[in-house]
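Visitor: I would like to learn how to read a few features of this structure. Please take them one at a time.

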Amino acid sequence: MKCDWVQDNIVFYVYNELEDDARYEVEQHLARCPACTAELKAARKFHATLSQTPVTEPSPNLLAASRMRLQEALETTTQGGFWQRLIFDPGNWLRQVRMAPAMVAVIFIVGFGGGIAATYNFMDSRQPRVDFADKTPDASAVSPLEASITGIRSITQDPGSNQVNIKYDTVKTNDIQGSLNDQRIQQLLLFAARNNFNSGVRMDAVEKLTQAPNETNVREVLMYSLQNDTNPGVRLKALDGLSGFVRQDVRVRDAVLQSLINDANIGVRMQALHLVEPMKADSSVRSVLTRLSQSDQNASIRSQTRAMMAQVPEMD
């Protein structure tokens with residue numbers, strides 16, 4: 001057994017991730033190789049140091065923003081490269097696996113996870129739908145307030161009513177139904193608006209939240225979606241929900257002004273401009289409009305802001 005192979009697998013040895021026969025071979029080699037023994041000591045020392053370092057939990061905002069960036073990257077990435085190499089050049093792929101034990105470990109973990117997911121999907125198909133309108137112990141037992149939610153699958157609303165049906169994932173897919181005024185329904189909608197990978201689900205969530213924007217936490221999420229969501233349709237829905245608060249809430253007005261200045265989508269900017277037009281005499285709004293009328297790169301924005309500024313009386 002060569003030292004290179006042993007040193008490549010030292011980390012797996014420290015974390016007890018080697019098969020019994022490979023572990024035995026490593027131990028036999030370590031007994032007669034001082035260089036690899038020194039490498040093992042260094043790896044164990046490094047592991048001990050890492051174990052003493054406290055783990056900082058990421059903030060909800062960071063998680064949501066990271067998930068959105070990941071979804072955007074996934075949507076623009078060319079698919080199929082790995083599988084094409086696997087199918088059309090298996091010899092080269094197998095050589096890479098043989099020379100990269102870390103890849104073997106990753107494949108094992110993915111396969112193991114796939115088996116678990118298949119088991120949960122099978123069990124989920126046998127579970128009945130839970131209606132939170134039913135106040136039985138079974139309904140309260142799966143309350144999303146107590147569950148670890150991993151994602152929202154879909155959001156639908158019954159035509160002509162305020163009844164909403166939400167399918168969400170924990171370790172399995174669940175299905176609940178209730179009024180838009182139900183706190184548990186609102187909690188899932190808030191989660192979907194900030195965290196879901198699917199832009200269509202985020203849009204559905206924001207659209208439902210705009211029906212009850214008076215709630216402070218709902219307004220916060222609408223502002224977050226306006227400033228951070230990668231989908232312009234979601235941002236437009238958030239603007240619709242915030243439209244009634246631009247005059248009375250300074251934070252909402254500032255968020256709309258930021259969209260007017262910085263949003264990459266001209267449709268979102270035009271909608272934001274329409275919302276702040278009634279407050280064009282306000283000092284903060286007037287300052288932004290003046291700047292845009294003079295130097296904005298978009299001709300339509302320049303033209304409309306100039307027309308608005310022409311209607312504002314001169315201030316002494």
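Guide: Start with burial: a residue is buried under 20% relative accessible area, exposed over 50%, and partly exposed in between, with a 1.4 Å probe and protein chains only. Helices are DSSP runs of H or I with at least four residues, and strands are runs of E with at least two, numbered from the N terminus. This is a predicted model, in which local features need pLDDT of at least 70 and side-chain atom pairs count only at pLDDT 80 or more, while totals for chains, interfaces and linings use all residues. Residues are numbered from 1 along each chain as its sequence is written, and side-chain values use heavy atoms, with hydrogens and water left out.

Visitor: What span does α10 reach from its first C-alpha to its last?

Guide: The expected span of a helix is 1.5 Å times one less than its number of residues. Helix α10 covers residues 183–195 and reaches 18 Å, close to the 18 Å expected.

Visitor: Which residues line the largest cavity?

Guide: On a 1 Å grid over the protein atoms alone, a cavity is a set of points where a 1.4 Å probe fits but cannot get out; lining residues have an atom within 4 Å of a point. Grid points are joined across faces, edges and corners, and the volume is the space filled by probe spheres set on the points. There is one cavity of 30 Å³ or more, and the largest cavity has a volume of about 40 Å³. Its lining consists of Leu 180, Gln 186, Leu 189, Lys 208, Leu 209, Gln 211 and Ala 212. Helices α10 and α11 each supply at least two residues of that lining.

Visitor: How many salt bridges are there?

Guide: A salt bridge is a side-chain nitrogen of Lys or Arg within 4 Å of a carboxyl oxygen of Asp or Glu. The count comes to 10. One of the pairs is Lys 237 with Glu 207, whose closest N and O atoms are 3.8 Å apart. This pair links distant parts of the chain, 30 residues apart: Lys 237 is in helix α13 (residues 232–242) and Glu 207 in helix α11 (residues 199–209). Lys 237 counts as partly exposed because its relative accessibility is 26%, and Glu 207 counts as partly exposed at 31%.

Visitor: Are Arg 235 and Asp 263 buried or exposed?

Guide: Both Arg 235 and Asp 263 are buried. Their side chains meet in a salt bridge of 2.7 Å, N to O. Arg 235 belongs to helix α13 and Asp 263 to the loop between α14 (250–262) and α15 (266–276), 28 residues apart.

Visitor: Which residues are linked in a network of salt bridges?

Guide: The network links Arg 219, Glu 220, Asp 249 and Arg 251. Within it, the closest N and O atoms of Arg 251 and Asp 249 are 3.9 Å apart. Arg 251 is partly exposed at 41% relative accessibility, whereas Asp 249 is buried at 11%.

Visitor: Where is Asn 16?

Guide: Most residues other than glycine have a negative phi. Asn 16 has a positive phi of about 60° although it is not a glycine. Asn 16 is in the loop between α2 (10–14) and α3 (20–30), and counts as exposed because its relative accessibility is 54%.

Key: 1 Å grid on protein atoms, 1.4 Å probe; cavity = no way out; pocket = protein on both sides within 12 Å on 5 of 7 lines; lining within 4 Å.
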